[in-house]
Amino acid sequence: MTDTVTDAVALDLLGDILVATVDNPPVNALSHAVRAGLVAAVDRLENDGDARAMVILCAGRTFMAGADIREFGKPMQDPQLGNVIDRLDACGKPIVAAMHGTALGGGLEVALACSYRMADPAARFGLPEVTLGLLPGSGGIVRTPRLIGVEAALPMITEGRPVSADHAQKTGLIDEIATGDLREAALAFAARIVADGAKLRRTSDLPVPEYDRALLDQARTTLARKYKGQNAPQQAVDLIEMASDTAFREAAHKEFAACKALVASPQSKALRHVFVAERAALKIDGVPRDTKPREVRKVAVVGPGTMGRGIAICFLDAGLPVVLIGNNQDTLDKADTVIRKIYGGQVKRGRMSEAQVNDRMAALTLTLDYDGLDGVDLAIEAVTEDMDVKKDVLSKLEQALHDRAIIATNTSFLDIEALASSLSRPENFAGMHFFNPANVMKLLENVRAKATAPDVLATMTAIGRKLGKTPVMVGRSEGFVANRMLSKRSREAQFLLEDGATPQQVDRVLTGFGFPIGPFALADLAGMDIMAAARQTRIAGMTQRERDCDIVDQLAAAGRLGRKTGSGYYLYDEEGKGHPDPAVEELLAAHRTKRGLPQREITDQEILERCLYAMVNEGAHLLDEGGAARPGDIDVIWTSGFGWPRHLGGPMFWADQIGLAKIKDALDTYCALVGDQYFTPANLIETRVAEGRGFFD
Ligand code: COA
């Protein structure tokens, strides 16, 4: 008979095996009802003379996926997870964890405290706390190295890297992979243990196997580079070292204390904010949660240029056949060559096999016409940024496709409503703004137009996820969110050069903040010819000062095209390292004289504020205009696409930490210094400051 001990845990005694089933949708997080239920299960196991062993398994899609993130920051109700783990560890009868889906964080810690672990072949195991600025606090750090050794434990704990069932079995993290039904296999496994004398195995009794101490310093160096500015990965290494030199109980106390302190750290708050914001971004206003996405079985991409090729690769990689349409054979041939070359690179790096490349190329059709689009459920145009050219392509697609096929534009700055107006089925139309290189960049700005049907919006989000991207739905606005905010940072970076800063000073301040690369080093990488051409496309909408600020054009005219010519904002040596160049100083000095701009000493603070507050203000303008739905969406865009350090939570979260009142004061100062047209605070900032609120209050 099933005994429901709490809302989330039920017990069944089957012969002499007690089965504890955790059922706490959606991911069986270790909320209070689960923790209390597990303690009740151990009580029952210890006190029921008929029960000789226990199996813990989970209902639904996954084993326990960790602590309940929604309980963080609130007082934690007893029993704490640590108490649950202690009870499992101390239990005098064997317990088997039977895992499927993902056993993560506290979920894996529960399993590590059991005597035996078995799993479904597709299960994955991980300690992802570090990705939330936390560390495992209930035995993950003290038990994992004891069980599998420091070398195997390091990437799991310091980077949150999950491992597969095969890998887990090889390292000894789990004992057995189930064949067939997991519950049946777990019962049979437990029966064997009972038949074998119901032996206990406590990870806490094991020593940490000997290991090469150099591994720790290597990890510290690698992590400092990979997770620049993040505290938790470094602390993880320190704790692993501590755990290998300290008796189990004392080490467990230290582990818990370190984790507890991290919960309140600004970095963890920011990383948790991004985790929640990423999931919130998948919920689209006006699209009920049960909206069924349309089926997408085949895709067409129009325009075999850089973007079109990258987009085609995204879909091929996701297992969908693609028709790539061009308007001349040369560009199609080039697309074929370039796509093969990109896949060839993957083969060289060992990421793909020749057979996989052949399969993908076989799924790609290159064509000059719009015939043969039967079965295409989604078409994306990626042709020249010209309203008439795009409208022509959209109408050809509408004629060639079935009535419910979705048509998307990859425009970067054209008006989505103007494009929609050219269609007779605008409900099927939306934007899918990929970023170059489309097959690499995680960010996907999906753009909704007024008439876009809810199930089309749901499909675009679902497709984004299928492509392995971070899809964020944005609204109509000029330049959408990412590029538009970036353009304000770029503008200020250029103006700062005019005012007296150097490229290396601006780059140093922004990389010091946490961006992987500064704007000028990035321009040198992209190429000054490309930057100058991009500037020309925007020149009509520029202010007089922006037009006059033609440093990019001057560098391009001087042949300083960036890395590819050995000089740009920097001078590159033979190893490709950039150095400040007196010739650039001279060019800037001459530019300032010509423009009659006095050179000032620019502080690092001014650089940071002008570049980043301009972005925050633009984000607020976008929220005012409906270009972005939520401040969290903007944070997701910037942390997933444009190098904003994740542990600083994105521009809008960061702004709240600084305080909007302080930001508004600075914006007012820069209105006087740089110009009202650049820094007038957005209405949202004015109103939030007047109400004493931030973006997220
Ligand atoms: N606590 C509370 N809720 C959680 C959660 C957790 N630890 N992990 C996931 N959820 C919620 C999500 O917020 C989402 O809720 P929503 O549907 O209301 O948006 C839902 O569970 C599904 O999560 P999602 O990430 O969309 O599903 P998925 O199938 O893509 O991934 C996981 C599932 C478990 C792999 C993923 O959610 C995950 O990595 N979770 C965090 C695990 C973790 O870090 N644990 C350690 C915590 S210290």
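1. Basis. The model is predicted, so local features need pLDDT of at least 70 and side-chain atom pairs count only at pLDDT 80 or more, while totals for chains, interfaces and linings use all residues. Residues are numbered from 1 along each chain as its sequence is written, and side-chain values use heavy atoms, with hydrogens and water left out.

2. Salt bridges overall. The whole structure holds 51 salt bridges (a side-chain nitrogen of Lys or Arg within 4 Å of a carboxyl oxygen of Asp or Glu). One network of such bridges links R491, E492, E498, D499, R545, D548, R595, R600, E606 and R610.

3. R35 and E71. These two residues form a salt bridge with the closest N and O atoms 3.0 Å apart. R35 belongs to helix α1 (residues 32–47) and E71 to the loop between β4 (53–58) and α2 (81–90), so the pair ties together parts that are 36 residues apart in sequence. Helices (H or I, at least four residues) and strands (E, at least two) are DSSP runs, numbered from the N terminus. Both R35 and E71 are buried; here buried means under 20% relative accessible area, exposed over 50%, and partly exposed in between (1.4 Å probe, protein chains only).

4. D68 and R70. This salt bridge also has its closest N and O atoms 3.0 Å apart.

5. R340 and D336. The closest N and O atoms of this salt bridge are 3.2 Å apart. The two residues are four residues apart in helix α13, which means that about one helical turn separates R340 and D336. R340 is partly exposed at 42% relative accessibility, and D336 is partly exposed at 22%.

6. Positive patch. K341, K348, R349 and R351 gather on the surface in a patch of positive charge. Patches are made of residues with over 30% relative accessible area and no salt bridge; like charges are joined within 9 Å, and nonpolar side chains (Val, Leu, Ile, Met, Phe, Trp, Tyr) within 5 Å. Lys and Arg count as positive and Asp and Glu as negative, with His and the chain ends not counted. A charge is placed at NZ of Lys, CZ of Arg, CG of Asp or CD of Glu. Accessible areas come from the Shrake-Rupley method with a 1.4 Å probe, and for residues only the protein chains shown count as cover. R349 sits in the loop between α13 (329–348) and α14 (354–362) and is exposed, with a relative accessible area of 56%.

7. Cysteines. A search of the whole structure finds zero disulfides (pairs of cysteine sulfur atoms within 2.5 Å). For C91, the closest cysteine sulfur is that of C114, 9.3 Å away and too far for a bond; C91 is buried at 2% relative accessibility. For C549, the closest cysteine sulfur is in C611, at 12 Å, again too far for a bond. C549 is buried too, with a relative accessible area of 5%.

8. Cis peptide bonds. Most residues other than glycine have a negative phi, and most peptide bonds are trans. The bond from D78 to P79 is cis, with omega near 0°, and P79 is in the loop between β4 and α2. The bond from N436 to P437 is also cis, with omega near -5°; P437 is in the loop between β16 and β17.

9. Positive phi. N28 is not a glycine, yet has a positive phi of about 55°. N28 lies in the loop between β3 (17–22) and α1 and is buried, with a relative accessible area of 2%. F480, not a glycine either, has a positive phi of about 55°. F480 lies in the loop between β18 (470–474) and α18 (482–499) and is buried at 0%.

10. Separations. N439, in the loop between β16 (429–434) and β17 (443–447), is partly exposed, with a relative accessible area of 27%. G626 lies in the loop between α25 (604–625) and α26 (631–641) and is partly exposed at 40% relative accessibility. G626 and M441 are 25 Å apart, C-alpha to C-alpha, and 185 residues apart in sequence.
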